[in-house]
Amino acid sequence: MLRATSLALVAWLIAVPSAAQPTVRAVTVYDGLATFELPLDWREVPPHELEDATLWAAEASGGRLVEIYQHGFRPTAAADDHGLPQLMIQIRESGRLRSGDLERLPPLDELRERAREIFPAAAPPVIVGLDLERVAFDRQRRVVRMEHRLDLRLRGEVRVLTAAFLTERGWLVFHLSERGQRLDAARQLFERVVDSVRLDPAVAYRPRLADRWPGWPFFGAAALTAVVLIGWLILRRRPTP
């Protein structure tokens, strides 16, 4: 009886540390000014793939969209599914924006039209459809939240979840791209990533009284337009028609 109890105790002591092993790791970007958490099995996208994504977006938009990604991450096993899911990070030091402008965004239908204007009708056969489904501004965290659906020929439906953090220098933007049928799991993962984001005081947004005053018409929306469509950059290379 004593021997059995001792063996059970040893087995329990071995199991407890295993159960307590971390499932996420801290990731630092923006020269150490921003940190967030990712699952342990996610790896960084090679720099040459980030460059390819930039070139692909410029080509698909007819030169209307030139965006640069500083970082990208995907699960190690994602290579068998065209790189999805994939988290792309964009750092835009385009100058400080006034949060008050983002609290007065135009209606969703108007933002949808602006989004469609960026990509010409000649975008097929790669691009079949684009639909901006949600835009909201989180006043507490100063984050613009977006969701849009992409229909890609040969790839099917892809959803892109976006969280754009205002900073004292511009934007820190996170985009998670995933297959439409796996949206629920992607949304849970993305919310955990967004909740874990921490900005250094050097760049963390500091509200000012002037931020509440009316600004130029749709100033915030104009800045937002360049962020909304970053979801196009979910592919490592342009698919062959």
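A salt bridge is a side-chain nitrogen of Lys or Arg within 4 Å of a carboxyl oxygen of Asp or Glu. In this predicted model, Glu133, Glu147, Arg149, Glu157, Arg159 and Arg187 are linked in a network of such bridges. The structure holds 14 salt bridges. Its largest nonpolar core has 27 residues, and a second, separate core has ten. An open sheet of three strands runs in the order 1-2-10.

**Salt bridges around glutamate 147**

- Side chains of opposite charge can pair when their charged atoms come close.
- Glutamate 147 bridges to arginine 159, with the closest N and O atoms 3.2 Å apart.
- Glutamate 147 is in strand 7 (residues 143-152) and arginine 159 is in strand 8, so this bridge ties together parts twelve residues apart in sequence.
- Glutamate 147 is buried because its relative accessible area is 7%, under the 20% cut-off.
- Arginine 159 also counts as buried, at 15% relative accessibility.
- Arginine 187 forms a salt bridge with glutamate 147 too, and here the closest N and O atoms are 2.9 Å apart.
- That pair links distant parts of the chain: arginine 187 belongs to helix 5 and glutamate 147 to strand 7, 40 residues apart.

**The arginine 74 and glutamate 49 pair**

- Arginine 74 forms a salt bridge with glutamate 49, the closest N and O atoms being 3.0 Å apart.
- The partners come from distant parts of the chain: arginine 74 sits in strand 4 (residues 71-75) and glutamate 49 in helix 2 (residues 47-60), 25 residues apart.
- Both arginine 74 and glutamate 49 are buried.

**Nonpolar cores**

- In soluble globular proteins, nonpolar side chains tend to be buried together.
- In the largest core, the residues with the most contacts inside it are Phe36, Leu38, Phe73, Leu87, Phe165, Phe174 and Phe190.
- Two or more residues of this core come from each of strand 1, strand 2, strand 5 (86-92), strand 8 (156-166), strand 9 and helix 5 (183-196).
- Helix 5 gives the most, with six residues.
- The second, separate core has ten residues, including Leu97, Phe137, Val144 and Tyr205.
- Leucine 87 touches residues well along the chain from its own position, among them Phe36, Leu38, Trp42, Phe73, Phe174, Phe190 and Val193.
- His175 is also one of the residues that leucine 87 touches.

**Histidine 175**

- Histidine 175 is part of strand 9 (residues 171-179).
- Histidine 175 counts as buried because its relative accessibility is 1%.
- Its side chain makes a polar contact with the side chain of threonine 162, at 2.8 Å.

- Strands of a sheet pair through backbone hydrogen bonds, either parallel or antiparallel.
- In the 1-2-10 sheet, the pairing is antiparallel.
- Strand 1 and strand 10 (198-199) are the edge strands; each has a single partner strand, so one side of each is left without a neighbour in the sheet.
- Strand 2 and strand 10 are joined by two bridges.
- Threonine 35 has arginine 198, in strand 10, as its bridge partner.
- Helix 5 lies across strand 2 and strand 10, and runs at about 150° to strand 2.

**Loop residues**

- Tyrosine 30 is in the loop between strand 1 (24-29) and strand 2 (34-39).
- Aspartate 31 lies in the loop between strand 1 and strand 2 as well.
- Phi of tyrosine 30 is near 60°, a positive value in a residue other than glycine.
- Phi of aspartate 31 is near 55°, again positive in a residue other than glycine.
- Tyrosine 30 is buried because its relative accessible area is 5%.
- Aspartate 31 counts as exposed because its relative accessibility is 81%.
- Proline 106 is in the loop between helix 3 (99-102) and helix 4 (108-118).
- Proline 106 is buried, with a relative accessible area of 7%.
- The C-alpha atoms of proline 106 and valine 135 are separated by 9.9 Å, and the two residues are 29 residues apart along the chain.

Definitions and conventions
Residues numbered from 1 in each chain as written. Predicted model: local features only at pLDDT ≥ 70, side-chain atom pairs only at ≥ 80, totals over all residues. Heavy atoms only, no water. Helix = DSSP H or I, 4+ residues; strand = E, 2+ residues; numbered from the N terminus. Buried < 20%, exposed > 50% of the residue type's maximum accessible area, 1.4 Å probe, protein only. Polar contact = N/O pair within 3.5 Å; in protein donor to acceptor, adjacent residues only side chain to side chain. Core = buried A, V, L, I, M, F, W, Y, C linked by side-chain atoms within 4.5 Å. Contact = heavy atoms within 4.5 Å. Pairing = 2+ DSSP bridges. Axes fitted to C-alpha atoms, helices over the stretch in contact; angles between N-to-C directions. Lists of a residue's contacts leave out its neighbours within four places in sequence.
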